Amino acid sequence: MKFFIDTGNSEEIREAAELGLLDGVTTNPSLLSKEPGDPYENLKQICAIVDGPVSAEVIAVDKDGMIAEARQLTRIAENIVIKLPTTREGVKACKTLTEDGVKVNMTLVFSPMQALLVAKAGATFVSPFVGRLDDISHDGMELVSQIGRIYGNYGYETEILVASVRHPLHVVEAALMGADICTMPAKVLEQIFNHPLTDIGLEKFLSDWEKTKQ
Ligand code: E4P
């Protein structure tokens, strides 16, 4: 499974990249709005830190506006992926852009039918938002499982990018379901490294080793 980081913060991205396990970045307008400076300059900086895809979302809500904005965004760097909302206009823009060879990440996906539509429109990535579904007492990971089955039935190559991840269990479940990618906030990326038994075990090994010097 590929690991993406879900942030607009260059420092968090740099730290994650240093792990040597980072495959890409997802941003959104809310995440970029938290960072100081020009968001387009920030995206440029982010694209220089990672080799993998960096999702940048359009603000326009009509097909032509989305396409025009996508053309601007793709000029930022070669690894920019265009993030489009999964609306009627977004799906139409997705079809046009993918036919032109632009990589598209369809975001704000909350139903299996939305996922089927974006695959038919040629999306490179589909982003089911699991945490936001859990927030309203729906099973976010069940959506990922359904998308996996639907794509498997028809051989769609759209990659399943599990988004709106809130905790390490989402990452575990995404991996068990065979999702292609999990994008996680820096906090969750940090949490998946931790296990109390590893810490206790290491402490014991080191203190026992110290005894050999006495
Ligand atoms: C994914 O691409 C989105 O940026 C993100 O995962 C949204 O997560 P949130 O529900 O925590 O805002």
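Tutor: Start at Val 126, which stands opposite Ile 160 in strand S7. Before going further, note that this is a predicted model, in which local features need pLDDT of at least 70 and side-chain atom pairs count only at pLDDT 80 or more, while totals for chains, interfaces and linings use all residues. Residues are numbered from 1 along each chain as its sequence is written, and side-chain values use heavy atoms, with hydrogens and water left out.

Val 126 belongs to strand S6, residues 125–128. Strands (E, at least two residues) and helices (H or I, at least four) are DSSP runs, numbered from the N terminus. S6 and S7 pair in the parallel sense over two bridges; two strands count as a pair if DSSP finds at least two bridges between them. Strand S5 (residues 104–109) is also joined to S6, by three bridges and in parallel. There Met 106 is the residue opposite Val 126 in S6. To get from S5 to S6 the chain passes through helix H6 (residues 112–120), and this β-α-β crossover is right-handed. That label means that, with the strands pointing away from the viewer, the path from the first strand over the helix to the second runs clockwise.

S6 is covered on both faces. Phe 125 and Ser 127 are buried on one side, and Val 126 and Pro 128 are buried on the other. Buried means under 20% relative accessible area, exposed means over 50%, and partly exposed is in between (1.4 Å probe, protein chains only).

Val 162 touches Pro 128, and its other contacts include Val 130, Met 141, Val 144 and Ala 174, leaving out residues up to four places away in sequence. Contact here means heavy atoms within 4.5 Å. Ala 163 sits in the loop between S7 and helix H9 and is buried, with a relative accessible area of 5%. Apart from neighbours within four places in sequence, Ala 163 is in contact with Ser 127, Pro 128, Phe 129, Val 130, Gly 131 and Thr 183.

Next, the cores. A nonpolar core is a set of buried Ala, Val, Leu, Ile, Met, Phe, Trp, Tyr and Cys residues joined through side-chain atoms within 4.5 Å. The largest one has 57 residues, and those with the most contacts inside it are Ile 82, Leu 84, Tyr 151 and Val 162. Helix H8 gives the most to this core, with six residues. A second, separate core has seven residues, among them Val 81, Phe 125, Leu 161 and Ala 163. In soluble globular proteins, nonpolar side chains tend to be buried together.

Just after H9, Gly 178 has a positive phi of about 80°.

The side chain of Glu 159 forms a salt bridge with that of Lys 2 (2.8 Å, N to O). Glu 159 is in strand S7 and Lys 2 is in strand S1 (residues 2–6), so the pair ties together parts that are 157 residues apart in sequence. A salt bridge is a side-chain nitrogen of Lys or Arg within 4 Å of a carboxyl oxygen of Asp or Glu. Lys 2 is partly exposed, at a relative accessible area of 32%. The structure holds ten salt bridges. Another of them joins Arg 71 and Asp 100, with the closest N and O atoms 2.7 Å apart. Arg 71 is partly exposed at 30% relative accessibility, and Asp 100 is partly exposed at 47%.
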